[in-house]
Amino acid sequence: MAAKKRKRSTVSEKEIINLTNVCKAYSTGAPALKDVNLRINRGEFVFIVGDSGSGKSTLIKLLLRELTITSGSINVMGYDLSRIRHRKIPKFRRNLGVVFQDFRLLKDRNVYENVAFAQRIIQKSNKEIKKNVPSILAIVGLAGKYKAKPKQLSGGEQQRVALARALVNKPTVLLADEPTGNLDPKNSWEIMKLLEQINENGTTVIVVTHNREIVNAMQKRVVTLKKGVIVSDEEKGGYIDED
Amino acid sequence: MRINSFFYTLRQGVRNLFRNKWFTLASIATISSCLFLFGLFYAIVTNFQNIVKSAQEGVAVSVLFEEGTSEARMQEIGEMILRRTEVSEVQFVSADQAWEEFKEDYLGDYADGFTENPLANSAHYDIYLSDVSMQSALVTYLESLENIRQVNRSELVATTLTGVNALVAYVSVGIIGILFAVSVFLISNTVMIGISVRKEEINIMKYIGATDFFVRSPFVIEGMMIGLVGAAIPLGIIYGVYNMVIDYVTTRFAVLATLLRFLTVEEVFNVLTPVSLGIGVGIGFLGSIVTVRKHLRV
């Protein structure tokens, strides 16, 4: 316990994500991230933008601890991700909601079961699951479709299910990797409004996106990556065009 | 693990069987075919071994005594022989019994002319071996004992049976090796299909924060059930076929039935059932562990 407290004390109470001089190189090709320094505070809403190959996906994978850094240090919610043990990763991820562009729903399970699955993982009782799942489905506007299988839903609805699954365990941080990438403008805006609402309730939201219109309209913090380097980090920023 | 998590895992394991029908059927078919071959081979080999063993038990070494050997000495020699590990049974045949048997076998009514026992010195032991390959060693030992006049044995039968035994052992090892290689090939192919079907599902579970145990458990339950069914099917088929074949052979070839004693289906299945079920469940268990393990490090 003492060791854990010491580890967590390396990040301030306010700071929830801290990347210091992070480099990530794959075995082939140029480094994906070079000397990245990024601090995100609890309750922030941050866009991470950049063109293909800029290192956005690598950054998300590092935050999820899907990949490990090559050098530097990365601390998320008090976990030192360069040293975290394999068996501790599930516990770390339970505080980290994640939404992907391709939704990643369990195709053979209905909406209810997809969301309930996140609760079963943390061993919630059936009573709690029966209370929490309908409540989160109501928030994302899918209360009436709990029996539907993913393939019976539109793209926007599938993303809402993914969002409900990410939120049902009340995560500290929500990572959304191109959440509107497969959606039409109307659905994209609805998803972004939901993310904003979630952020207003205290969850730190990090959105990786290509969507210029949304980034410019929402006036949130924008971190721009280019060829693996942070070229801009602005409060109430906008989408920076490639030269 | 909470009780509701346990039942959830169990339920998911059973549901997985039906969710991935084709994978389930392919896996069951693979395990069934391997265990069918194994069962068939086992039934044939155990019967063959039984026949060889019966033949071995019929091979006897006869020990005849020098003239004037006392009954006490004969008894002492009998006890010494019985203590040998390769000896399964020792039968004493007195001179009178030997003459009676000889008359019965060869003379019939012509024996009436004999007033005295011409085989007065033919009291002997018939020694039956548990391991016929040890016959030479036993004969050497017997010849070294005092008061032994002659040792009779059938060298040809002993060497033939020893050869047959060795052949059965070599063939068994060879066929088990081939079956094992075929099983590994078929099962690894099926597992590869399983991996491609499950990869995404396992990844999603891991991203949400499922522990390795939580991800693995339904797959392991599913694998063990596939193994169980995969083992039960060939057992059922072999049970029926075995009875039919034995009935057919013993009624159609009655001569064989008098010469050879086939094992009953119960004798074969006493061993085959637990071994097959164990292998089936084991393959299912290991297969699912291997399938899932590759994707757990996400």
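Visitor: What's the handedness of the crossing of H7(B) and H9(B)?
Guide: The crossing is right-handed, meaning that the near helix is turned clockwise from the far one by less than a right angle. Bear in mind that this is a predicted model, where local features need pLDDT of at least 70, side-chain atom pairs count only at pLDDT 80 or more, and totals for chains, interfaces and linings use all residues. Residues are numbered from 1 along each chain as its sequence is written, and chains are lettered from A in the order in which they are written.

Visitor: At what angle do the two pack, and how far apart are their axes?
Guide: Helix H7 (residues 212-252) and helix H9 (residues 265-293) of chain B pack at about 155°, with axes 7 Å apart. The axes are lines fitted to C-alpha atoms over the stretch in contact, and angles run from 0 to 180 degrees between N-to-C directions. H7(B) and H9(B) are therefore roughly antiparallel, the word for angles over 145 degrees.

Visitor: And which residue classes are in that contact?
Guide: The contact of H7(B) with H9(B) has 21 nonpolar, twelve polar and two charged residues. Nonpolar covers Ala, Val, Leu, Ile, Met, Phe, Trp, Tyr, Cys and Pro, charged is Asp, Glu, Lys and Arg, and the others, Gly among them, are polar.

Visitor: Switching to cores: how many residues are in the largest nonpolar one?
Guide: The largest nonpolar core has 89 residues, and A:Ile48, A:Val115, A:Ala164 and A:Leu175 have the most contacts inside it. Such a core is a set of buried Ala, Val, Leu, Ile, Met, Phe, Trp, Tyr and Cys residues joined through C-beta atoms within 7 Å. Its largest share, eight residues, comes from H7(B).

Visitor: Is A:Thr180 buried or exposed?
Guide: A:Thr180 counts as buried because it has 25 C-beta neighbours inside 10 Å; the cut-off is 20 or more other C-beta atoms within 10 Å, with C-beta atoms placed from the backbone.

Visitor: Where is A:Thr180, and what does it touch?
Guide: A:Thr180 is in the loop between strand E7 (173-177) and helix H7 (185-200) of chain A. Helices here are DSSP runs of H or I with at least four residues, strands are E runs of at least two, and both are numbered from the N terminus. Beyond four places in sequence, the residues that A:Thr180 touches include A:Ser188, A:Ile191 and A:Asn211, contact being C-beta atoms within 7 Å.

Visitor: How many residues does each chain put into the contact between A and B?
Guide: Chain B gives 14 residues and chain A gives 17. On the chain B side, helix H1 (3-19) and helix H6 (155-208) are the elements giving two or more residues.

Conventions
Contact = placed C-beta atoms within 7 Å. Parallel < 35°, antiparallel > 145°, perpendicular 65-115°, else oblique. Buried ≥ 20, exposed ≤ 12 C-beta atoms within 10 Å, placed from the backbone.
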